[in-house]
Amino acid sequence: MSQPRDIVVFRSTTQFDLDLIKRIIGLPGDEIHVADGQVFVNGIALNEPYINAQPRYSGDWSVPQGYLFVLGDNRNDSSDSHAWGTLPVQNVIGKAMLIYWPPVDWAMIDHPDIAIAAP
């Protein structure tokens, strides 16, 4: 099950044969509000030290059942839910496991709810 702030890989809703990677911001039933450079989920401001810059856009979105609200960490130059709406859960391929760019930042992404099977 995906959780808020998980980084997921998914099939694009706007371009055929394109996979994207974004951060989950809202789950089904959530209300998303973006204004004055801040993202709010259900009225609570998010602490987002991982973003490149505060969003320069604003808007309100309701996340319906069976959908997610996803945003890129490069908020102002990202093709994400602020531009094309909510993401059908069925488009999710899986969670991202590795940061590989830039090479100096190579690292595993911590997903505490994922168990890795030992041989």
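L98 is found in strand β10, residues 98-99. L98 counts as partly exposed because its relative accessibility is 46%; buried means under 20% relative accessible area, exposed means over 50%, and partly exposed is in between, with a 1.4 Å probe and protein chains only.

Quick word on what we're looking at: this is a predicted model, so local features need pLDDT of at least 70 and side-chain atom pairs count only at pLDDT 80 or more, while totals for chains, interfaces and linings use all residues. Residues are numbered from 1 along each chain as its sequence is written, and side-chain values use heavy atoms, with hydrogens and water left out.

Okay, the overall picture. Of the chain's 119 residues, 40% count as buried.

Now the sheets. Which strands make up the open sheet of five? The order is β8-β7-β2-β1-β9, and the pairing is antiparallel. Two strands pair if DSSP finds at least two bridges between them. At the edges you'll find β8 (87-88) and β9 (92-95), each pairing on one side only.

Let's zoom in on β1, residues 7-11, which pairs with β9 in the antiparallel sense over three bridges. Follow F10 across and you land on its bridge partner in β9, V92. Do that for V9 and you reach G94, also in β9. Then there's β2, residues 19-26, which runs antiparallel to β1 and is joined to it by five bridges. There, R11 has D19 as its bridge partner.

Between β1 and β2 is a loop, and D17 lies in it. What is the phi of D17? It's positive, about 60 degrees, although D17 is not a glycine. For background, most residues other than glycine have a negative phi. D17 is also exposed, with a relative accessible area of 72%.

On to the other open sheet, which has four strands in the order β5-β4-β3-β6, again with antiparallel pairing. Its edge strands are β5 (44-45) and β6 (59-62); each has a single partner strand, so one side of each has no neighbour in the sheet. Inside it, β3 and β4 run antiparallel and are joined by four bridges, with A35 standing opposite Q38 in β4. The loop between β3 (31-35) and β4 (38-41) holds D36. D36 has a positive phi too, about 50 degrees, without being a glycine, and D36 is exposed at 80% relative accessible area.

Next, charges. Side chains of opposite charge can pair when their charged atoms come close. We call it a salt bridge when a side-chain nitrogen of Lys or Arg is within 4 Å of a carboxyl oxygen of Asp or Glu. How many are there by this rule? Three.

One joins K95 and D6, at 3.1 Å from N to O. K95 is in strand β9 and D6 is in the segment before β1, 89 residues apart. K95 and D6 are both buried.

Another joins R23 and D73, at 2.7 Å from N to O. R23 is in β2 and D73 is in the loop between β7 (67-71) and α1 (81-84), so this pair ties together parts 50 residues apart in sequence. R23 counts as buried at 10% relative accessibility, whereas D73 is partly exposed at 25%.

There's also E48 with R75, whose closest N and O atoms are 2.8 Å apart. E48 and R75 are both buried.

R23 has one more contact: its charged end sits over the ring of Y50, 3.6 Å from the centre. The cut-offs are NZ of Lys or CZ of Arg within 6 Å of the ring centre and within 35 degrees of the ring normal.

Last stop, the rings. The structure holds two aromatic pairs, one of them W61 with F69, tilted, at 5.0 Å centre to centre and 45 degrees between the planes. Rings of Phe, Tyr and Trp (its six-membered ring) pair if their centres lie within 6.5 Å; planes under 30 degrees apart are stacked, over 60 edge-to-face, and the rest tilted. W61 and F69 are both buried.

Methods:
Helix = DSSP H or I, 4+ residues; strand = E, 2+ residues; numbered from the N terminus.
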